[in-house]
Amino acid sequence: MGEALPVAGRERQRAVAQALRAFLPERAVLWQEEDTRPYECDGLTAYRKLPMVVALPETEEQVQRILKTCHALGVPVVPRGAGTGLSGGALPPGDGVLLSLAKFMRIVRVDPVARVAVVQPGVRNLAISDAAAPFGLYYAPDPSSQIACTIGGNVAENSGGVHCLKYGLTVHNVLRVRGYAADGEPLDFGAEALDAPGLDLLALIVGSEGMLAVATEITVKLLPKPPAARVVMASFDDLQKAGDAVAAVIAAGIIPAGLEMMDRPATRAVEEFVGAGYDLEAAAILLCEADGLPEEVEDEIAKVKEVLTRAGATRLTVSRDEAERLRFWSGRKAAFPAMGRISPDYYCMDGTIPRKRLGEVLGFIGEMEKKYGLRCPNVFHAGDGNLHPLILFDANDAGALKRTEEFAAEVLQKCVAVGGTITGEHGVGVEKINEMCAQFRDAELELFHAVKRAYDPLGLLNPGKAVPTLARCAEFGRRHVRAGALPHAQLPRF
Amino acid sequence: MSADLRERIRAAAGRGTALRLRGGGSKDFYGGAPRGEVLDTRAHAGIVDYEPTELVVTARCGTPLAELEAALAAQGQMLAFEPPHFGGGATLGGCVAAGLSGPRRAAAGALRDFVLGARLIDGRARELAFGGRVMKNVAGYDVSRLLAGSLGTLGLILEVSLKVLPRPAAERTLRLELPQAKAIEQLNRWAGTALPVSASAWRDGELHLRLSGAEAAVRAAGQTLGGQTLAADAANRFWTGVRDHSDTFFAGDAPLWRLSLPSSAPPLELPGEPLIEWGGALRWLRTQAAAATMREAAARAGGHATLFRGGDKAAGVFAPLAPALARLHRELKAAFDPAGVVNPGRLYPDF
């Protein structure tokens, strides 16, 4: 819940709002609670805070002046796109300015010859592909929230999607980011060429969770839309066999456009919801997509069928047409809204593990279900080893939230223990900041802080996110994960 | 072994003397003139972990690139960015530090795109680990990718984890006759289609195109594009020549300029005939033209120019940075190497 500001806070609020009103129109500076309330959280609703002031600039010059003003006043600034993030990266500062880039919705330029699009950060991910479609092009990274999430947020989080094993993450598909440092100094990383002189600061800005700079213009690569795509749906009577089948596909020299896995509790939940035609008797199903020239697709589908049969698939179906392909995917994309139907609350994890440890980690999650008395269906990006186990719970049930927290903490611990990571694509934000203490040692955390200081010596941009202080790590020696339910429950996810 | 390397760096930092990090020395020519006492990385060698079905290889910096590539080839895999070797002896550490990619870059991605994790000894002799051995990892700033192309100025890259890919089932190289402007136009047009072009090189009115992928797709694309098909060994020789600069274009002492441009930039009005790679995005020139001339031409076209080999390095090897970026470079250098011990001057004179 948001909290009322003390008197000193109200004076500060008035001073900051006034300073911003000197160059922003009235509608672009929000400070009354009824106006700022919608900004109290992002996609991770367990964490809420009323921003002191919300600023809604429309021009780069306004962004620069907001940053300069806040810098001069020593006021923290938190950038925000659509607010669909899942780690609390856009959680507002109670004593600062929430900088919404929602009005930066312009597609500046699509160059179909050089295959690039120059867009503002508030442009939705899918809107880029829509703008490129008349030229037979598209923007490859496709987080499942792509109808709502913005490219600025994608850059901040280095978002992935279901096609990133073959087509890469945001970092592989962004050529240039222009923006401003915390003190309002203009910055320009990358180029429309394939590289730029000096250190690769473009790589550093992508995934930096809004802590190093505020992006105001992003240049992305566009790819030709594959003329053909088909998906194989395979059933397995055993989770381990399905995991081994994933390795077998890779071992056969195939990089599928998408390679996703769902276990039986997940397929049963979504089948009831969307009727995708899933095999409800299977312990797990795999979706394996091939795309490219028709000749390539036929060749790859034949190989995939052979490999999966040898790996013990009990049923194989290949999509016959585009409608059927989309229907097979519809269940996977609707997995999260479907969970919302069978459980009052659910908590999503984002660990990534080496694929060979899949069976072991799934077995571990099964044990945790028994230990905590909570169900945990699994959907995941099998090709990348990126797991999204979903713990189902009822927040109204006393103790369920705490059990969920402990369950999740044990699973993330397991991910790190098998050589993986606490977050594959959702970011650290505020949610997994304590887990960072398990992933990194003090020396690395110190270096992260030094990198932050190089860009933002006063520590005003998105303070307290992504990188814990050493003192915090000392305090949180024990792993601790907070639960959070998702808003926009109908939005396809992950 | 890494303890010895740390000790050397700690001692140098204590004395405030420069260290020149060096593997096989195959890229001694590249960047600002090396200075300081040589710290040879070659003893810290070997593949640490390679599981083909994970698509990840982890190896120590001194591992010969040829040895690493042979281990991948034995499993039908490759470094998809096709790194240059520039003669014998190239090591993985130098490869990542230089950050250079070969003919497949425009289609498959650059070296930095394949970096998943790294261990580093920074200029304060701290051993640090970033990223990991998994495909997706967004915990912390992406320092391991920042090391790609850092020319050892942030520290000694001890160990690297790279994403690897399967070798294509089929490859075919075609030779077509096209004037420069037409070749650039066609390359951009083809790149906007699903044609499986994995490399391109234009020179003297001749365009070489390499197609990679499923046999049927390569055959079909070959028929669409026409031209002459090269025999497999001639094709391999050709692409190795372009990759390692053993092609005749790169012979002799004339300064070699590397221009990185938007792929669709029209032919530059500069003296000399270029060799054009990466679908138009990389243009090599042999010229005595002044650095300022080259840099202005590249900047006008939306890119940058590097004095890649030879010539007078006094005018700077790499394009100068805008003041804001130059400041960030200095601040980052101070974060990693406050005493300026590792590879000073290799990237920028004050760095």
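**Note on a predicted two-chain model**

1. In chain B, the loop that joins β15 (275–277) to β16 (282–286) contains B:Trp278. The model is predicted. B:Trp278 is not a glycine, yet its phi is positive, at about 55 degrees. B:Trp278 has 25 other C-beta atoms within 10 Å and is therefore buried.

2. A further loop residue of chain B deserves attention. B:Glu82 lies between β5 (77–78) and α3 (92–98) of chain B. Although not a glycine, B:Glu82 has a positive phi of about 55 degrees. Because 22 C-beta neighbours fall inside 10 Å, B:Glu82 counts as buried.

3. The next point concerns the interface between the chains. In chain A, 77 residues are in contact with 67 residues of chain B. On the side of chain A that touches chain B, two or more residues are given by each of α7 (170–173), β9 (186–190), α8 (201–205), α9, α11, α16 (436–439) and α17 of chain A. The largest share, eight residues, comes from α17(A). Sorted by class, this side of chain A has 41 nonpolar, 20 polar and 16 charged residues.

4. Helix α17 of chain A (residues 442–455) packs with helix α11 of chain B (residues 323–336); the angle is about 160 degrees and the axes are 9 Å apart. Angles over 145 degrees count as roughly antiparallel, so α17(A) is roughly antiparallel to α11(B). The crossing of α17(A) past α11(B) is right-handed. From α17(A), the contact is made by A:Leu447, A:Ala450, A:Val451, A:Ala454 and A:Tyr455, and from α11(B) by B:Leu328, B:Glu331, B:Leu332 and B:Ala335. By class, this contact of α17(A) with α11(B) has eight nonpolar residues, no polar residues and one charged residue.

5. A helix pair within chain A may be set beside this. Helix α10 (residues 264–274) and helix α13 (residues 335–342), both of chain A, pack at an angle of about 90 degrees with their axes 9 Å apart. The two helices, α10(A) and α13(A), are therefore roughly perpendicular to each other. In α10(A), A:Ala266, A:Ala269, A:Val270 and A:Phe273 meet A:Ala335, A:Pro337, A:Ala338, A:Met339, A:Arg341 and A:Ile342 of α13(A). The class count for the contact of α10(A) with α13(A) is nine nonpolar, no polar and one charged.

6. Helix α11 of chain A (residues 294–310) has 17 residues and reaches 24 Å from its first C-alpha to its last, close to the 24 Å expected at 1.5 Å a residue. Its buried residues are A:Glu296, A:Val297, A:Asp299, A:Glu300, A:Ile301, A:Val304, A:Val307 and A:Leu308. What covers the buried residues of α11(A) includes elements of both chains: β12 (228–236), α9 (239–251), β14 (284–292) and β15 (315–318) of chain A, and β12 (206–213) and α8 (215–225) of chain B. Just after α11(A), A:Gly312 adopts a positive phi of about 100 degrees.

7. Finally, strand β12 of chain A contains A:Ala234. How many C-beta neighbours does A:Ala234 have inside 10 Å? There are 28, so A:Ala234 counts as buried. Apart from neighbours within four places in sequence, A:Ala234 is in contact with A:Ile285, A:Leu286, A:Cys288, A:Leu308, A:Ala313, A:Arg315 and A:Leu316. One of these, A:Leu308, is also among the buried residues of α11(A). Between A:Ala234 and A:Ala335, which are 101 residues apart along the chain, the C-alpha separation is 18 Å.

Methods. Residues are numbered from 1 along each chain as its sequence is written. Chains are lettered from A and ligands numbered from 1 in the order in which they are written. This is a predicted model: local features need pLDDT of at least 70, side-chain atom pairs count only at pLDDT 80 or more; totals for chains, interfaces and linings use all residues. Axes are lines fitted to C-alpha atoms, for helices over the stretch in contact, and angles run from 0 to 180 degrees between N-to-C directions. Helices (H or I, at least four residues) and strands (E, at least two) are DSSP runs, numbered from the N terminus. Angles under 35 degrees count as roughly parallel, over 145 as roughly antiparallel, 65 to 115 as roughly perpendicular and the rest as oblique. A crossing is left-handed if the near helix is turned anticlockwise from the far one by less than a right angle, and right-handed if clockwise. Two residues are in contact if their C-beta atoms, placed from the backbone, lie within 7 Å. Ala, Val, Leu, Ile, Met, Phe, Trp, Tyr, Cys and Pro count as nonpolar, Asp, Glu, Lys and Arg as charged, and the others, Gly among them, as polar. The expected span of a helix is 1.5 Å times one less than its number of residues. A residue is buried if 20 or more other C-beta atoms lie within 10 Å of its own, exposed if 12 or fewer, and partly exposed in between; C-beta atoms are placed from the backbone.
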